[in-house]
Amino acid sequence: MSQRANTQRREPLSRPSEQPSARASVDAGGRLNQDNVAGSFHPGIVHLALAMGGFAIGIAEFATMSLLPFFAHDLNISEPQAGHAISAYALGVVVGAPVIAVLSARMTRRTLLIALMGFFALMNGLSGLAPDYHTMLVLRFLAGLPHGAYFGIAMLVAASLVPTDKRTAAVGRVLLGLTIATTIGVPLANGVGQAIGWRWAFAIVAGLALLTSILVLIFAPRDVADRKASPLRELSALGRKHVWLTLGIGAIGFGGLFSVYTYLASTMLAVTHTSPALVPVTLCVFGAGLTAGNIIVPRFADRALMATAGGLLLWSAATLALYPLAAMNFWTLSADVFLIGLGGALATVLQTRLMDVAGEAQSLAAALNHSAFNIANALGPWLGGMAVAAGYGWTSTGVVGAGLALAGFVVWAIAMALAKHEGV
């Protein structure tokens, strides 16, 4: 974007009570324009529409894990083989986020969001019809492609509708769809999958994604395509060290949360000695922590963004370090899992930081944030699994997680030192 666009992005927009007149909307830089179709919008409604997409994505990502034994049986494959479908989806996220962001540089954000959710609906609908293992792998990879790009673009749109000092809260509202999915959507989809078949869980996701496309079509303001945008300009983000440092904080520091979450059920059964029926309850508690974090933390982040990020990393290190002790009792475990979930707000904070350091390559940087968190989703379980396999027990995942959070804090400290030196 031009320097003028960058400058105007930081100007507060009208308050809800001062909505733009009938042909107004927001362009890629957050400016109001008077050259679109009639109709007004309210930021809260747009945020809700965008969060619905996060809700659909959250169910698709996490419910698939819980339904793994059922589609493994139906497709006549082992559960470890079925797990490859989870990996295929994650690979699709990592690949799709930057590729789509670069190739769609000249598309309007509203059009891109509608297209991404339409494609997501199609691929999840087809996943529910997959006749065999190899078809399922391909469809899960394709379903993962829109994930990161959708979140990245949706958060840019959400942030463009509010004043600068409310951006993190706006980003958090979009992510609330994902966190609520882990609390309510996943258990419901799992119940439906067990009651009438796993294929219907994918049908639910497809329906929610299609609903998101319709809501975005109706409520999202029409934006103006940036004529100066290009794939090369988006790729310029890769030349900015502060973008890489921000991504590094997430890819490493967030891995600890996934280290514990992945093996939480196994820990509860083998260490806490709880009933299997209590596992979904604790997973809901974790989701509640994520949701609470995305409501509470943005209030601090919009005042001191990077300081909040550093505080969250230390918070995660402390709560993860407590995990081995808390795991001995169901109630202390649940409390600690909730506190660990609060640290998940790091994703929201880092998303806003990328808006500040990405320059004109906003779309690619925003999408790459979700690639980074999927790297964390691979790194944390891998290192945690190594600790368990080495004989340190299921609770060692908490120690591994604390180490990853502290390693992320080291990257954060480097980023802060450079930012202070360069005045960024």
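A crossing of two helices is called left-handed if the near helix is turned anticlockwise from the far one by less than a right angle, and right-handed if it is turned clockwise. In this predicted model, helix 14 passes helix 16 in a left-handed crossing, whereas helix 7 passes helix 16 in a right-handed one.

First, the chain as a whole. The protein chain has 424 residues, of which 58% count as buried. Its secondary structure comes to 18 helices and two strands. Among contacts with a separation of 6 or more, 80% are between residues 24 or more positions apart.

Helix 14 covers residues 305-326 and helix 16 covers residues 346-357. Their axes lie 10 Å apart, and the packing angle is about 150°. Angles over 145 degrees count as roughly antiparallel, and helix 14 and helix 16 are therefore roughly antiparallel to each other. On the helix 14 side the contact is made by Leu 305, Met 306, Thr 308, Ala 309, Leu 312 and Leu 313. These meet Leu 346, Val 349, Leu 350, Thr 352, Arg 353 and Asp 356 of helix 16. By class, the residues of this contact are eight nonpolar, two polar and two charged.

One residue of this contact can be followed further. Ala 309 is placed in helix 14, and with a relative accessible area of 0% it is buried. Leaving aside residues up to four places away in sequence, Ala 309 touches Leu 346, Val 349, Leu 350 and Trp 412. The C-alpha atom of Ala 309 is also 9.1 Å from that of Ile 249, a residue 60 positions away along the chain. Ile 249 belongs to helix 10, where it is one of the residues that meet helix 16.

Helix 10 spans residues 241-253, and its axis comes within 9 Å of the axis of helix 16, with a crossing angle of roughly 175°. Helix 10 and helix 16 are therefore roughly antiparallel to each other. From helix 10, His 242, Val 243, Thr 246, Leu 247, Ile 249 and Gly 250 take part in the contact. Their counterparts in helix 16 are Leu 350, Arg 353, Leu 354 and Val 357. The residues of this contact divide into six nonpolar, three polar and one charged. Leu 350 and Arg 353 are named in the contact with helix 10 and also in the contact with helix 14.

The model has nine aromatic pairs. In one of them, the rings of Phe 254 and Phe 258 have centres 5.5 Å apart and planes at 70°, so the pair is edge-to-face. Phe 254 is buried at 8% relative accessibility, and Phe 258 is buried at 11%. Phe 254 also pairs with Phe 373: their ring centres are 4.5 Å apart and their planes stand at 75°, so this pair too is edge-to-face. Phe 254 lies in the loop between helix 10 and helix 11, and Phe 373 in helix 17, so the pair ties together parts that are 119 residues apart in sequence. Both Phe 254 and Phe 373 are buried. Elsewhere, ring pairs link Phe 71, Trp 198 and Phe 202 into a cluster.

Asn 76, in the loop between helix 3 and helix 4, has a phi near 60°, a positive value in a residue other than glycine. His 273, in the loop between helix 12 and helix 13, likewise has a phi near 60°. Asn 76 is exposed, with a relative accessible area of 70%, and His 273 counts as exposed at 61%.

Note on methods. Residues numbered from 1 in each chain as written. Predicted model: local features only at pLDDT ≥ 70, side-chain atom pairs only at ≥ 80, totals over all residues. Heavy atoms only, no water. Axes fitted to C-alpha atoms, helices over the stretch in contact; angles between N-to-C directions. Helix = DSSP H or I, 4+ residues; strand = E, 2+ residues; numbered from the N terminus. Parallel < 35°, antiparallel > 145°, perpendicular 65-115°, else oblique. Contact = heavy atoms within 4.5 Å. Nonpolar A, V, L, I, M, F, W, Y, C, P; charged D, E, K, R; others polar. Phe/Tyr/Trp six-rings, centres within 6.5 Å; stacked < 30°, edge-to-face > 60°. Buried < 20%, exposed > 50% of the residue type's maximum accessible area, 1.4 Å probe, protein only.
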